[in-house]
Amino acid sequence: MEHAHHHTNISGKNILITIVLNAGITTAQLIGGLFSGSMALLSDAAHNFSDVISLVISYAAIRLSTREHSLKKTFGFKRAGVFAAFINTVFLLVVAVILILQAVKRLIDPHPVEGSIVIWLAAAGILLNGISMLFIRKDADHNLNIKSAFLHLLADMLTSVAVFAGGFIIKYLGWLWIDGVLTIVIAGYLIYSSWGIFYESIKIFMQFTPSHIDIEKVAESITRVEGISNVHHVHVWQLDEDEMIFEAHVDLEADYSISRFETILDKVEVILKGFGINHFNIQPELNRGDQKELINRGRN
C-alpha cells in the first residue's frame, strides 16, 4: 500500500473578512428592500444572506479539516469541505425556488418600487461582493468548498448588477414588471451556477469513479508492469478534492519475494500518480481462484 497527502493552505482570515463584508451588505439591502418595496433587492439580500451562511459553513469546514486524525477518525474530517459545498449548493437551490415563486406573485400583482434606493444599494452590493471575491479567488481554484462560496459571491455580484440596471429602468421608465423578471433571471442563474458543484459533491459522497479516470486504461497500464498478469476487483474514488484512492487485486506471475513485490509496487505507484491517484492499496495474489472481473459487479 502506498499513499501521499496533499494539504491545501486556505486562509481563514480572508474568509472572516468576507463574512463581515457580506453581513453588512445583507443588513443594508434587507432594510432597503423593505423601504423601497423591491422584490429584486430583497432577493439580492436573501442571496447575500446565503453568502454569509455559505462562508460560515466554509470557514467551519476549513477548521475541521485541519484536525488531526485519530483511531476513531482515521481520515479525520477530510470530507468536511465537500459536505460544506453540498450544504451551500442545496441552500442556494432552495433559495432560487423560493425567489421564483415570489417573483411570479409579484408579476401577477406588481407593487410600487423606489428606484433610487434600489440603485444605491445594488451598487454597494456590486462593490462589496467584488472585494469579497478578491479575498478568496486564489483558494477557489483548488478547493471545492471555497469554490462553492466563491460562486455564491459571483452570483450575488451579477445579481446586484441586474438589480442595479433594474433600478434605473424602474426609476426612469416606470416598468414595475422588470422587478419580477429580474428576480426570475437571478434565480435561474443561481440554479445554473450551483448544479455543477452540487452534483460533484454527490459523486464524492457516493464514491463514484472520478469522471476523468478511465479504469480500463489504468488497469491496462498496470498490467504492462513486469510481474503482473492481471488486475481485478478495482475501486477508484475520491476522499475529497485533493485525494483520490485506488484499490485492486493483482495476479502475480510467480511467487515473488517481498522485496521484488516492493519493486513492482514502485512501478505501479508511478503509473497511478500519472493518473492523479495519490493513495493506493494493492492486494497481491497467486493462483487464487477468485473472480477475475475488472469490476466486482456483485453487491459486496
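Modeller: Happy to. Helix H7 (residues 215-223) packs against helix H8 (residues 258-274) at an angle of about 155 degrees, and their axes are 10 Å apart. Keep in mind that this is a predicted model.

Biologist: Are H7 and H8 roughly parallel or roughly antiparallel?

Modeller: Roughly antiparallel. Angles over 145 degrees count that way, so H7 at about 155 degrees to H8 qualifies. The crossing of H7 past H8 is right-handed.

Biologist: Which residues make the contact?

Modeller: On the H7 side, Val218, Ser221 and Ile222. On the H8 side, Val268, Ile271 and Leu272.

Biologist: Nice. Switching to cores, how many residues does the largest nonpolar core have?

Modeller: It has 25 residues. Ile222, Ile228, Phe246 and Ile282 have the most contacts inside it.

Biologist: Which elements give two or more residues to this core?

Modeller: H7 and H8, along with strand E2 (228-238), strand E3 (244-252) and strand E4 (279-285). H8 gives the most, with six residues.

Biologist: What does Ile228 touch?

Modeller: Leaving out residues up to four places away in sequence, Ile228 touches Ile222, Thr223, Val250, Asp251, Leu252, Glu253, Ile264 and Val268. There is also a second, separate core of 13 residues, which includes Leu55, Ala149, Phe150 and Met157.

Biologist: Good to know. Where is Glu247, and what does Glu247 touch?

Modeller: Glu247 sits in strand E3. Not counting residues up to four places away in sequence, Glu247 touches His233, Val234, His235, Trp237 and Asn281. As for His232, that residue is 15 residues from Glu247 in sequence and 9.5 Å away in space, C-alpha to C-alpha.

Biologist: New topic: backbone angles. What is the phi of Gln207?

Modeller: Gln207 has a positive phi of about 60 degrees, although it is not a glycine. Gln207 is in the loop between helix H6 (177-205) and H7, and is partly exposed at 43% relative accessibility.

Biologist: What about the phi of Asn287?

Modeller: Asn287 is not a glycine, yet its phi is positive, at about 55 degrees. Asn287 lies in the segment after E4 and is exposed, with a relative accessible area of 74%.

Biologist: Let's move to Thr89. Is Thr89 buried or exposed?

Modeller: Thr89 is buried, with a relative accessible area of 2%. Thr89 belongs to helix H3 (residues 80-108). Aside from neighbours within four places in sequence, Thr89 is in contact with Ser194, Ile197 and Phe198.

Biologist: Last one: where is Gly276?

Modeller: Gly276 is in the loop between H8 and E4, and is partly exposed, with a relative accessible area of 38%.

Biologist: And how many residues separate Gly276 and Asp242 along the chain?

Modeller: They are 34 residues apart along the chain, and their C-alpha atoms are separated by 9.3 Å.

Methods. Residues are numbered from 1 along each chain as its sequence is written. This is a predicted model: local features need pLDDT of at least 70, side-chain atom pairs count only at pLDDT 80 or more; totals for chains, interfaces and linings use all residues. Side-chain values use heavy atoms; hydrogens and water are left out. Axes are lines fitted to C-alpha atoms, for helices over the stretch in contact, and angles run from 0 to 180 degrees between N-to-C directions. Helices (H or I, at least four residues) and strands (E, at least two) are DSSP runs, numbered from the N terminus. Angles under 35 degrees count as roughly parallel, over 145 as roughly antiparallel, 65 to 115 as roughly perpendicular and the rest as oblique. A crossing is left-handed if the near helix is turned anticlockwise from the far one by less than a right angle, and right-handed if clockwise. Contact means heavy atoms within 4.5 Å. A nonpolar core is a set of buried Ala, Val, Leu, Ile, Met, Phe, Trp, Tyr and Cys residues joined through side-chain atoms within 4.5 Å. Buried means under 20% relative accessible area, exposed over 50%, partly exposed in between (1.4 Å probe, protein chains only).
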